[in-house]
Amino acid sequence: MRHIISTIVENKPGVLAHIAGLFAGRGFNIDSLAVGETEDPARSRMTVVVRGDDSVLEQVRKQLGKIIDVIKVTDFSDVEFVERDLALVKVAVKPERRREIFELCEVFRGKVVDIGAKQITIEISGPEKKVEAFIELLKPYGIREVVRTGRIAIARGD
Amino acid sequence: MRERDGAHILMEVLKSEGVEVVFGIPGGVVLPILDAFYDPGMPRFLLTRHEQGAGHAADGYARATGKVGVCLATSGPGATNLVTALATANFDSIPIVAITGQVKTFLIGNDAFQEADITGITRPITKHSYLVKDVTKLGECLRAAFHIARTGRPGPVLVDIPADVASAKTDVEIPDSVDLPGYKPVIKGNRRQIKRAAEAINAAERPLLYVGGGVIISGASELLRQLAFKTHIPVTTTLMALGSFPEDHPLALKMLGMHGTAYANYAVQESDLLIAVGARFDDRITGDVKRFAPHAKVIHIDIDPSSISKNIRVDIPVVGDASDILEGLLELCEPREHEEWLAKIAAWKAKHPLAYKPDGLKPQYVIEQICEISQGKAVICTEVGQNQMWSAQWYTHRYPRHFISSGGLGTMGYGFPAAIGAQVGRPDALVVDIAGDGSIQMNIQELATAVYNKLPVKICILNNGHLGMVRQWQELFYKRRYSGSTLNGNPDFVRLAEAYGARGARITKAEDVRPALAKAFADPSVWVLDFVVEPEENVFPMVPAGEAIDRMIGGMA
Ligand SMILES: Cc1ncc(C[n+]2csc(CCOP(=O)(O)OP(=O)(O)O)c2C)c(N)n1
Ligand SMILES: [Mg+2]
């Protein structure tokens, strides 16, 4: 099963290596990873998406909790949460067909962030499915490059 | 606050942490630190002959005393030589602080001479590590290192100190305590869980205490004894817990598992309640987990939440320190007699005792005599292999912190340097390393350390001319094809001992065993006793790997 594991860690060198090592040492491939400062600059949040056997991931979650620099571990499988991906997509498109792209952007709430003579770059964010659907629709135009961030997730507020 | 350099900050922390001795080997980048040791009133720097020896000595010191062991190595090869010792300590939850030198901060990452990313290399085998790049943070990191090593589930912590940090000066004070937001080990057991455990114990008909090294680390042996005596629950221990319960008591079932006693393994398989205390259901204990303790409810008491339900389903987990939880149980558990259950166990004991054929010079006999002549009071260190398992089986273990052995990692070459550390920590104790002829050669160079420092360790080599445990598996499972397990070219251990300034003796007959031991144990020298034992003796009983633990082969009368 797919798990989104969110950790609050001390903002120190070596922590990312430690966490990545725990997954690697157990033969898990990390599907996505996002790291960023939290509201407290001394702490970062790492959001890891991995696939794996539930009981093995339970062990990984406990091992993560044992790392001295890890302050909190949440597996979002157990809670209600909101998740977001962000992607930048560079598409080859002739000026006369730009309109079509703009229309797609409107529907998906994508944002054009760069326009060149032959290419145009769009920013899109949202749940994974939406981002993927959008990229799918752009494919016929000729995608030159896709850059995606790791997934970020936050528990729903009270 | 007056200014002082990083090396002296290290000395201050060592002194305030009560460190008496640091085992190690110097090198270029740790020269400022070695220089500080030279001042009067500093902890003793005890020079070993290999960094692995220093690491194991710190470990043996920690196991024998309950204090944090400290070792030191230079950057690069010095640091990498510590790796096996750190992994050994980590696996067995032993508190060590390892200080390594590092190249100057501005050279880190430049492939400088003798540079190794030792915090990276040791990350999976330490409890924590620090690379200290700023001298103002050094005191704080060292303080935290000791705190982390010693508390919760103990373990090794590495502090990597670049040469320029060791010589840089600061007037920053060393904090007395540390604030680690991500590190809050649970000590007190949940009262509701303790109550549930007590209810299960009170209701059980065939309960069994399965005790691991956590009981020794927690200092809970006395509480364990009281609980067992009050409830008449029999006790079986892992290798790590030998000595936590007196084996001469009728409730003692000795060790369980792959080379455990038949009666301990039968008791596990028949029990209706298994009370695991500070043990982690290692595969050497459980054999086939699906057929392990099939009738038992399981209570699991452990300080490490990640140990719970890792290998085996647990009905009543209680996370916390063994002492706290056993104290709670002692209060809530009712006195019981368990006559029927104990009678059944007594019958197994009578029918299936540990046994060997006493012909020729048998290793089991040597260990029995070591036990008798030391009156069971020696601090026993072991190497790894048959010598280790026989030491577990044939010595009557009665006291905690008197059996020192590499359990989880199974490190050959551990026993002798660990014995040196144990002797440093317990100068008046009789310290014996029960060794194999293979293992002893992995850190034999420490004879110089023992002799020079007048640490009168007694090395008893059970010389079977083989990597015996490997040979045993080849005999049983590979049609006696002894590939790579014959120790041709062994040295003359007696002359080797003498070359180092130790004393040595070779024993080839059973009747010479007692006089030789008595002489060596009474003598203040380092001794190497070379017992030329039966070359193809096996450790029995034995549960073949992956079998159910009551499917033992061999060694049953
Ligand atoms: C460092 C290391 N290398 C290899 C092994 C694998 N091994 C386990 S027992 C053993 C044989 C040990 O031989 P010896 O010290 O003579 O002890 P014996 O079994 O003969 O008593 C070996 C090679 C190990 N445990 N540790
Ligand atoms: Mg041998």
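Y210(B), F281(B) and F292(B) form one aromatic cluster in this predicted model, in which local features require pLDDT of at least 70 and side-chain atom pairs count only at pLDDT 80 or more, while totals for chains, interfaces and linings use all residues. Residues are numbered from 1 along each chain as its sequence is written, chains are lettered from A and ligands numbered from 1 in the order in which they are written, and side-chain values use heavy atoms, without hydrogens and water.

Over all chains, the structure holds 12 aromatic pairs, where rings of Phe, Tyr and Trp (its six-membered ring) pair if their centres lie within 6.5 Å, and planes under 30 degrees apart count as stacked, over 60 as edge-to-face and the rest as tilted. Among them, F23(A) and F28(A) are edge-to-face, at 6.4 Å centre to centre with 65° between the planes, and both F23(A) and F28(A) are buried (under 20% relative accessible area, with exposed meaning over 50% and partly exposed in between, for a 1.4 Å probe and protein chains only). The pair of F37(B) and F45(B) is tilted, at 5.3 Å and 50°, and F37(B) is buried with a relative accessible area of 9%.
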